[in-house]
Amino acid sequence: MDESLEDLLDDKFGVLSLNVSQSPLALGNWVDLLNYLLEKAHPLNKRINPQLLELIRHTYGSLFTYFPLLENYSVDCALLEYKLGNVKEMHAVFTAALQRHNNSSLLLWLEYLKLCNEVVTNHKQLFRKYELAESHVGLHFYSGEFWELYLEQIKLRCTGHRRYLAVLRKVLEVPAYSYSKFFALWLHAIDEIKDVKQLTLMAPELEIHRKIKVRVRGRERKGPQLQEGKKALRKFTKELYMVTQHRVLEIYNLFEINIKTHFYCSAETLIEKSEITAWSRYLDFSVENGVDELTHLNFQRALLPLAHYEMIWLKFAAWLIENSQDYLTSKNVLSLGLQLSHKKAKILEKLCGLLIKLGKQEELVLLFQQTQAAFDDKIEETDDFELFMDYFQFTLFVEKWGHREAEGVAMNILRKRLSYGGNKKGQEELLHLVCQMYARFSREVLEEQIFRLIIDEDWSYYLDSAKFWYEYCNRVWTDQETSYLENRRYIVQKILPLVSKRSANAKQSVISFCETYMPEDVDVCYDTLGGDLPAQLISR
Amino acid sequence: MNNKAEAESSDVLKGLEVGFLKDNNEWVKIVKGVNWEDTASLDSLIKSTEQLVLKYINPNQTIKRSIQKVFENALGRYPLLFGYWKRFTAVQYQLHGLNRSIDVLSRAVDAFPHSLELWCDYLNVLIANNPNEVDKIRINFQISKDLVGNQFFSHPFWDRYIEFEEKQARPDNLLAIYKTLSHIPLHQYSRYYTAYKSFAHENASQADLEIDTEDEIDRIFATTQSLVNSVWKFESQISQSYFNLGPVPQKELDNWNNYLTFAVESELVSASLKKSIFERCLIPCQYYEHFWLRYTSWMESAGDFEGVLETYQKGISAVPLNLRKLRQKYLEFLKLSLRKNKDRTLETYFQTLDEFSRIYPQDGTFLREFVAVLKRFEFGSSLSQTDQEILRQQRSFVAYLEKNIRAFIRKAQDGDVRLQNLISNTTLPVLVIELIKATYYNMKNTTQTRALFSEFEKLPQLKFATSFWLLYYKFLKATIDLNGLESFVNRLGTEIQIPVLIINDIISDFKSFFITNVQLSAYEQEVFEGRYNAGLDPLVDLDYKVNNPLWTKEQTAKGGNRLRKEKKDNGHPGLYFEKPTVSNTLIENHSKTFANNPPPLPTFKNLEKVNKSALHRDYLTTDYLQSV
């Protein structure tokens with residue numbers, strides 16, 4: 001008779017699950033909860049409480065939503081299913097986990113394939129998995145173990161040497177940490193050759209004929225020919241060994257030796273600067289030197305330890321676009337990056353650009369709503385100036401999609417933001433940006449809604465600053481709609497008198513504006529700004 | 001040794017006989033090899049020259065001339081070395097007699113007017129040799145009184161002055177001396193206190209002399225005494241009051257600085273005394289811009305326009321060329337003076353700009369200032385004038401600029417000489433910018449502006465002119481010329497060669513500008529029409545150009561047909577290596593593809609170079625030094 005779930009779990013469950021729901025980004029809470037549940041499920045066997053099993057599955061599922069890159073937990077989850085005898089579920093868990101890693105997790109593949117070796121009886125099916133793994137992690141620097149598994153299975157399950165040698169031949173060229181082992185296998189295979197015909201398993205017949213001068217189908221005496229052929233093959237092997245060794249040592253000494261973390265770390269863990277730079281240089285090197293497949297894999301590898309650093313996401317996305325115009329993958333990379341990276345502003349900006357380019361309206365709208373919601377619908381209060389700028393610019397840009405009422409709303413946000421004055425960073429840049437939105441805001445609108453507002457409200461942060469007045473004069477001066485005389489008159493007669501009561505900084509900025517653009521009015525400028533020369537201007 | 005020094009030494013040796021040169025080989029060597037920055041070297045030059053005078057009792061004219069030249073060169077460079085003036089006087093006395101030696105002293109006090117010693121010597125010589133020229137002597141006393149009379153240790157001078165007037169029996173003059181003297185904080189002030197008192201006592205009967213009463217004298221000297229006490233704090237710390245080559249010790253500099261602060265702030269210190277302290281400070285510290293800046297600031301606050309000008313000019317001729325604050329301040333002073341004192345200042349201002357642009361030929365600010373002031377005074381217009389008049393002035397200004405630019409480019413002679421003197425290949429952009437600004441902002445002629453841009457952007461002088469390109473960018477933005485902007489950004493780094501930092505700024509600014517000024521629908525239309533397949537997409541591609549100005553989209557646009565990658569890089573910038581590779585590598589092939597037919601045998605490249613050391617590629621030389 002099964003106990004009900006309520007009977008099985010005690011008060012502790014409530015506390016643990018509450019912890020998780022309150023701070024879902026703290027990995028420790030999840031670990032506590034999982035351990036607790038797994039303890040309750042002990043000993044594992046087929047008679048496990050189905051409700052408890054369901055609960056554990058769900059917990060894993062939610063964990064992976066928050067922490068998609070936790071390889072070991074995926075393995076644990078799959079092993080759990082395996083131990084319970086749920087082979088189908090085990091496959092599903094691995095497939096899903098691999099998907100989260102774009103099939104590029106060596107660890108997951110190894111664990112998966114080991115289990116597959118046990119449970120998959122159909123050779124074709126099994127090898128299909130190996131082939132898939134080969135195309136994704138075959139060039140991994142630590143792929144030696146994978147290749148061993150592969151070769152072992154071929155030996156076990158295939159008759160004849162052909163396939164074994166074909167795979168082994170490829171491995172010889174892979175720059176992997178344990179490269180020499182495979183050369184040993186290869187040399188051993190050469191030693192094993194008993195017949196000239198067998199040479200054709202290792203190289204095409206035509207080449208054996210041309211380069212090694214051995215005629216497989218000839219009538220010559222086979223004994224010396226065989227020795228000749230083996231000798232030549234060994235020579236090629238030795239040369240290949242030199243090349244692979246050179247490549248491996250290069251990669252190892254320059255980069256791999258500096259990389260110590262190979263797995264995803266929780267958000268609180270800081271990665272050493274030296275390791276981050278090592279990755280950055282490694283990736284640059286890969287892009288310059290390598291095979292695309294390997295570069296892609298290296299990016300995926302770097303994502304694990306550096307998931308919380310924006311650099312890696314931006315670099316990956318940029319490479320995808322530049323190298324193969326793969327905007328879609330790039331977009332997916334950035335989406336995941338947005339979730340995981342500590343700093344988000346730059347990723348958000350790139351993502352917005354991509355979404356617009358790809359025409360993904362719904363996603364963009366959703367993204368904006370999430371961003372807004374993250375700031376309680378008051379994004380103008382954020383201290384992150386870049387984030388605010390990007391949000392402001394993009395919302396304005398996509399107004400047609402109707403989730404914002406264009407300029408009016410933008411102007412409101414802008415005015416609110418500006419009203420914080422010195423309490424927020426980047427006000428001057430914002431002002432400058434608005435002033436050069438020639439196509440959006442005419443001079444009248446700007447004057448009425450921004451400049452006049454600031455003057456009427458007497459926001460001295462701006463009025464005593466140099467930048468505000470310079471920007472104001474400049475906007476009037478560059479106005480396309482009005483004539484030179486109008487502009488000049490307006491500045492001299494309307495703006496200059498306003499500055500006379502303001503700080504020396506403000507005055508200085510207007511004077512330098514006059515000197516640059518209207519030198520003939522410098523005297524008037526001095527007169528208007530208050531009679532005699534301000535002493536602080538002289539001793540500046 | 002620089003050219004000037006070489007010319008001087010050959011001038012010294014000019015015309016001397018071979019025999020003489022041979023006999024005085026040592027001296028010739030010293031003349032040729034003198035290091036003007038080194039006291040010891042200078043000293044040995046003077047000493048060996050003096051020995052010539054001893055050696056040749058009656059030298060010929062050429063030798064005399066050479067000896068004289070040595071001194072003149074040294075004192076021309078360093079007029080503040082008063083010891084050399086004295087030695088020159090002695091030498092001159094030997095060679096040419098009394099009158100010529102007096103001439104030297106008279107030149108000495110001209111060249112170094114604040115030297116107490118030189119003045120005392122000069123006056124002594126005058127009194128001793130021409131006792132009858134009373135007026136001349138008196139005038140010199142009066143001149144020197146203002147120049148050195150305020151100095152703390154000037155009592156020898158005053159003693160001599162009093163002695164002189166006593167001999168002339170001029171109680172009126174004596175009284176004037178005592179009246180002045182009683183207010184000056186002198187080291188020996190108490191001596192003069194007694195002297196003044198006894199003078200007052202002796203002359204009490206002379207009613208026409210307005211002698212201070214005894215109480216008055218007591219009061220005056222009490223004030224002076226307290227002033228002496230406060231001044232003594234600083235005076236006692238001065239260990240090097242004379243000019244010398246090489247840096248002044250920090251302790252001295254601090255002391256002078258504190259002394260000046262005290263003098264400027266104290267009300268007891270009279271203006272002439274303040275001036276005297278400044279002048280004395282600038283004897284040892286004449287190469288220190290800081291003190292000149294203080295002096296000129298004080299002079300400006302004191303308000304004597306001519307005096308300020310003179311001080312600036314003295315300072316600028318003394319301060320080393322690499323220090324520019326004083327010169328900058330001078331220009332600002334002149335510019336501000338243009339308002340009140342235009343007639344007196346304008347010419348000086350233009351001359352100074354001209355002079356400075358000769359000293360700093362790379363700096364375009366002088367030209368810019370010149371054009372601004374020129375526009376203000378020669379093409380000026382006031383808003384009270386009629387529209388036609390104002391616009392006419394703008395037109396003639398534009399015509400003037402254009403004419404001068406073309407004159408410079410064609411090397412023609414018909415330009416404004418004042419302006420042409422300021423233009424060089426490095427400063428030409430300044431003028432072009434002014435022309436474009438006037439055409440665009442003042443004439444509001446967009447078509448003409450565009451024509452000017454496309455004409456001038458081809459000039460080699462403007463290729464690296466950041467401000468020109470920034471103006472161009474600003475213009476494209478103001479006219480919302482998106483095609484122009486996109487091609488501008490595309491050309492950055494390749495055709496437009498400005499610093500990478502500025503390129504980065506332009507790129508990020510352009511992105512903002514694009515997003516905030518373009519309608520989404522317009523962008524979508526362009527995407528649809530495939531414009532951004534090959535061209536730079538402002539939403540996605542701009543970041544590639546940041547810190548990588550040579551990046552262009554063409555490289556990647558071909559998709560599969562990309563250029564072969566550089567495989568020589570070994571992870572260290574600038575180090576290249578011919579790596580051994582498999583030229584028919586199969587790691588990009590799936591192993592399944594050769595399951596039925598084995599892959600070909602590997603072929604190799606650079607296998608023999610496996611043990612070769614890396615090659616260092618020197619980008620500094622290839623990219624910069626050779627291309628410029």
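Let me begin with a term: a residue is called buried if 20 or more other C-beta atoms lie within 10 Å of its own, exposed if 12 or fewer do, and partly exposed in between, with the C-beta atoms placed from the backbone. Helices, for their part, are DSSP runs of H or I with at least four residues, and strands are runs of E with at least two, both numbered from the N terminus.

What we have here is a predicted model, in which local features need a pLDDT of at least 70 and side-chain atom pairs count only at pLDDT 80 or more, while totals for chains, interfaces and linings use all residues. Residues are numbered from 1 along each chain as its sequence is written, and chains are lettered from A and ligands numbered from 1 in the order in which they are written.

The model scores ipTM 0.81 and pTM 0.80. The pLDDT, which is the predictor's confidence in each residue from 0 to 100, averages 87 in chain B, where 96% of the residues score at least 70. Over residues 556-564 of chain B, however, the pLDDT is below 50.

Let me turn to chain A, whose secondary structure comes to 29 helices and zero strands. Its C-alpha atoms fill a box of roughly 115 × 75 × 45 Å, taken along the principal axes, and of its 540 residues, 36% count as buried.

Now to the place where the chains meet, counting two residues as in contact if their C-beta atoms, placed from the backbone, lie within 7 Å. This contact takes 73 residues from chain A and 62 residues from chain B.

Finally, two helices of chain B.

After α23(B) comes K444(B), whose phi is positive, near 55 degrees.
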